[in-house]
Every structure is written in structure tokens, then in C-alpha cells.
Amino acid sequence: MNFATWPFASPANRLPAEEERWWEICYTPPPVQTLAEGYSQGCIILGGYQSGRSTLLAALKRSAQADFLVLEDEFLSQPGQDKPAGNVLYRLVSQAIWAIRERLREQPELFLRIRSRTVLEFIRWGIEKFHGQRAFVRWLDGLPDEQAILFQNMPFEDFYPTQHSLQDVQGQIEELLNLSRRLGYTGLVYLIDVFPFPTPAQMQELYAFLGWRELMHHPGLKFVIALPPVLNRQEIQSLLRDRLPILELETSPNFIQEVIERHLRASTNGKIQALEQICSSALLRRIEKMLCEELGTSSLGAWLQISQLALELLPDGDQPLGEGIFSRLFHLYLARFCPLHPDPNPARLGIWRGYQWIELDRSLYDFLQSLAHSRQPVDHHVIMTTKNNLHTLASRLRKKVEPKDESIYLKNTRGEGYTLEHYRFRFP
């Protein structure tokens with residue numbers, strides 16, 4: 001049937017008008033959103049894979065932007081990022097200075113609020129410290145003369161030359177918050193959306209940040225951290241020592257149903273009101289069992305992906321899809337949304353199938369690596385073994401990564417060898 005795909009697309013793949021419409025008619029606030037907004041010092045949002053953590057963080061950003069200077073940590077939210085200079089405090093102040101300098105450039109009348117010598121010195125220090133002396137000069141050149149003259153004869157002094165002393169933490173945050181308030185912000189919100197598969201460097205940074213007590217006791221500075229299930233609640237509590245509350249993002253069946261219905265109505269202009277119109281009860285039970293096996297829970301994000309696939313498979317007519325189409329639906333779901341991809345920690349022997357970790361022994365792991373990195377089909381000559389051993393390895397690997405009745409990831413071309421499909425070197 002004909003339907004619009006934008007409600008199911010990622011934010012990056014929606015047009016601006018579609019994105020605004022999505023927030024208006026598709027988004028359903030989870031119960032924890034009100035709690036997260038109410039905590040003045042911030043909170044930890046803990047949720048399973050595809051539970052809606054990133055969407056909730058985006059909703060909190062939208063609600064806070066009118067009153068707060070909102071910043072985001074890009075290192076902990078992106079796959080395979082090289083570690084930038086400095087720790088969380090360094091990145092926070094650097095981003096804040098960039099946002100403030102741009103706002104002052106666009107609204108030079110705001111300089112009337114910051115004529116304090118101390119504040120002007122902090123601006124000069126921040127731009128030159130984090131962005132360079134040349135960047136400060138370029139910024140001045142873009143200001144009206146009456147604002148640029150405020151910085152004349154003001155030498156650069158590195159007030160906070162280190163990143164580790166308690167004085168540095170308190171001083172930088174206090175001056176940054178004072179500057180933000182003078183510009184009309186109530187305070188500063190720092191959002192941290194931890195990547196579902198963090199690298200060892202990202203994990204090290206996360207541990208250090210959660211245990212950094214001096215950073216989380218400043219009125220006006222709010223941290224909201226969305227964590228995938230890489231740490232359990234007990235580990236988080238041990239690191240935080242009650243400095244931030246922990247909110248569990250739980251999605252009830254009724255909540256999932258409401259979100260799906262909103263997406264279906266938006267996608268079909270109201271023609272489809274509920275998932276039961278396109279999937280039989282027997283099929284829905286099979287899907288529920290499959291998602292719990294793949295993800296350990298009934299995932300909101302996965303249900304939305306299944307809903308889109310069901311719309312694609314729905315034939316003309318009014319009959320919902322029956323249980324007989326489950327195998328095809330499952331295979332489409334795996335091929336499109338559950339690629340094989342490695343763990344960021346090379347010391348772990350195994351592979352991720354979507355969000356499910358599959359352990360492998362050394363021989364299967366090495367065989368998988370050969371398949372992943374080969375530009376041509378892998379035969380027994382490539383891995384220097386016998387034909388029988390090659391086929392045995394392939395058979396054992398299939399039992400680990402494939403559904404029972406079809407090969408999605410490991411393909412065999414007669415006379416050429418084996419190739420790997422739906423494999424990604426890093427998770428997008």
C-alpha cells in the first residue's frame with residue numbers, strides 16, 4: 001500500500017518541515033520526561049537498546065533551549081571518534097565559549113549586559129584558550145568598533161592553565177555561569193548521549209566523568225546523561241554516590257501501542273489506526289517473542305521498524321498479514337536493521353547482530369575477520385586450509401549468526417567461495 005516513510009525515518013533523514021511535524025503528531029512524551037525536566041542538577045537516563053533514550057534527550061533539548069544554554073558532548077555519542085583534547089570540563093567550556101561568541105557576534109547589543117571587566121577577560125581567555133589567538137582576532141574583526149574596543153589593550157592571561165585542580169573546576173564553571181546569566185540564560189544544560197557500543201576510550205572517559213564529584217555540584221549547571229545497558233544500575237550508583245538521580249526509561253505495552261498508532265496514522269493519513277489492522281494476533285505474538293529474543297525486551301524502536309516493514313508487505317485489500325509471513329518479515333528485519341558489526345573492544349571474541357552479542361571461539365572469529373576484510377570471495381586457499389575445513393567453519397558460523405532457515409549474512413557462490421553481507425565495520 002502507499003504510505004509515507006518520513007514518520008519512521010531517523011531525524012537526520014527527515015526534512016525540517018517533516019521533523020517539526022514529527023514532533024507535533026508522532027512524539028509521545030514518556031513518563032520520565034517530566035521527572036527529568038524537574039531535576040535542577042540533572043539526571044541519568046538508563047534504558048535498553050532502542051528504548052528511546054536519544055529521542056528523550058532530543059525532547060529535553062527542545063524544552064530547555066528557550067531558557068538554557070544547551071550543549072552536547074559529541075565524543076561520547078559518536079562511533080569511532082578519536083579522543084579530543086581535554087576531559088568533559090574542557091569540552092563543555094570550549095563548546096560554551098563557541099556558542100557564546102557566536103551569539104555575541106550575531107547580537108552585538110548584548111555587549112551592554114557584559115561590560116564587567118572580569119566577564120570580558122573570561123571571554124578573551126576562553127576564545128584564545130580553546131580556539132586560538134587568530135580566532136580571537138578574527139572574531140574581533142567581525143564586531144562593530146564600539147564592541148571591539150572593549151577588548152583593546154586587554155592582554156591574554158591563562159587564568160586556568162590546568163584541567164585537574166579543584167580551583168580550575170569551580171572557577172571555570174562559576175565564570176561561565178555568570179556570563180551565561182548575563183546573556184539571559186537561566187543556566188547551562190549539558191547533554192551526554194552515550195553511544196550504544198562505546199569504545200574502550202569512551203568507557204574510560206565515562207567512568208572518569210561519573211566519578212568526578214566536583215563537577216556536579218554547581219547550581220545552574222545541569223547534566224543529563226543517557227546510558228545504554230553497558231553499565232548496570234548498581235555500577236552507576238557506585239560511581240555517582242547519589243550525586244544524580246537515576247531514571248529508568250521503561251516503555252509499557254500501552255505506551256508502545258500509542259507511539260505506533262501515532263506513526264501509523266501519520267504515515268497513512270489516518271487510514272491505518274492500529275497495528276492490528278495490518279498484522280494478525282498470531283503474527284503479533286510471534287513478533288513479540290522474536291524481539292524479546294533479539295533485544296531482551298520489547299523494544300519501542302524495533303516495533304516501529306517492524307511496523308514500517310509490515311506496511312511494505314501489506315497487499316491491497318483489507319486483510320491483515322497472517323502468521324505465515326513471519327519468516328519473510330523476520331529476515332527483512334535482520335537484513336535491514338540488524339547488520340553484523342564488531343565490538344569496539346578488539347579483545348572480545350564475538351560479533352554483534354544488531355543489538356545481540358554473539359560469542360565466537362578463536363577459529364570462528366578469525367574466519368569472520370577473513371570474510372569481513374577480504375575484497376573477494378574467501379575460498380580454502382585464502383585462509384590456507386582444506387575445502388572440508390572451510391565448509392565446516394562456514395557451517396559453524398551460520399549456526400551462530402543466521403536465523404534457522406535462511407542465509408542472510410554468509411553467502412556461498414559455487415566455485416568461488418564465501419562472502420559476508422550486511423556487515424558494517426562500525427555501527428552507524
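Residue Q147 lies in helix α7, which covers residues 145-148. Is Q147 buried or exposed in this predicted model? Its relative accessibility is 7%, and because buried means under 20% relative accessible area, Q147 counts as buried. Setting aside neighbours within four places in sequence, Q147 is in contact with P108 and F111.

From this one residue we may turn to the chain as a whole. The chain has 428 residues, and buried residues make up 49% of them. It contains 16 helices and ten strands. Its C-alpha atoms fill a box of roughly 80 × 55 × 45 Å, taken along the principal axes. Among the contacts in the chain with a separation of 6 or more, 72% are between residues 24 or more positions apart.

The interior of the model comes next. In soluble globular proteins, nonpolar side chains tend to be buried together. Here, the largest nonpolar core has 63 residues, and I278, I287, W303, Y333, F367 and L397 are those with the most contacts inside it. At least two residues of this core come from each of α11 (253-268), α12 (281-295), α13 (300-313), α14 (326-337), β7 (350-353), α15 (362-373), α16 (387-401) and β10 (417-420). The largest share, nine residues, is supplied by α13. Apart from this core lies another, of 60 residues, which includes L76, V119, W125 and Y190.

Which residues does I278 contact, leaving aside its neighbours within four places in sequence? They are L264, I272, S307, A310, L311, L314, P320 and L321.

Within α16, the residues L390, L393, A394, L397 and V401 are buried. Seen down the axis of α16, the buried residues fall within an arc of 100 degrees, so they line one face of the helix. An α-helix has 3.6 residues a turn, so residues three or four places apart point the same way. The face of α16 turned away from the buried side carries the exposed residues N388 and K399. On the buried side, the residues of α16 pack against β6 (340-341), β7, β8 (356-359), α15, β9 (410-413) and β10.

Helix α16 also takes part in a pocket. The second largest pocket has a volume of about 440 Å³. Its lining consists of 19 residues, of which E293, F326, F330, P403 and K404 lie nearest its centre. Helices α12, α14 and α16 each supply at least two residues of this lining. The largest share of the lining, five residues, comes from α12.

The last stop is a loop. G322 is placed in the loop between α13 and α14. With a relative accessible area of 32%, G322 is partly exposed. The C-alpha atoms of G322 and L284 are separated by 9.1 Å, although these residues are 38 residues apart along the chain. Which residues does G322 touch, not counting those up to four places away in sequence? G322 touches S280 and L283.

Conventions. Residues are numbered from 1 along each chain as its sequence is written. This is a predicted model: local features need pLDDT of at least 70, side-chain atom pairs count only at pLDDT 80 or more; totals for chains, interfaces and linings use all residues. Side-chain values use heavy atoms; hydrogens and water are left out. A nonpolar core is a set of buried Ala, Val, Leu, Ile, Met, Phe, Trp, Tyr and Cys residues joined through side-chain atoms within 4.5 Å. Buried means under 20% relative accessible area, exposed over 50%, partly exposed in between (1.4 Å probe, protein chains only). Helices (H or I, at least four residues) and strands (E, at least two) are DSSP runs, numbered from the N terminus. Contact means heavy atoms within 4.5 Å. The arc is that of the directions from the helix axis to the C-beta atoms. On a 1 Å grid over the protein atoms alone, a cavity is a set of points where a 1.4 Å probe fits but cannot get out, and a pocket is an open set with protein on both sides within 12 Å along at least five of seven lines; lining residues have an atom within 4 Å of a point. Grid points are joined across faces, edges and corners, and a volume is the space filled by probe spheres set on the points.
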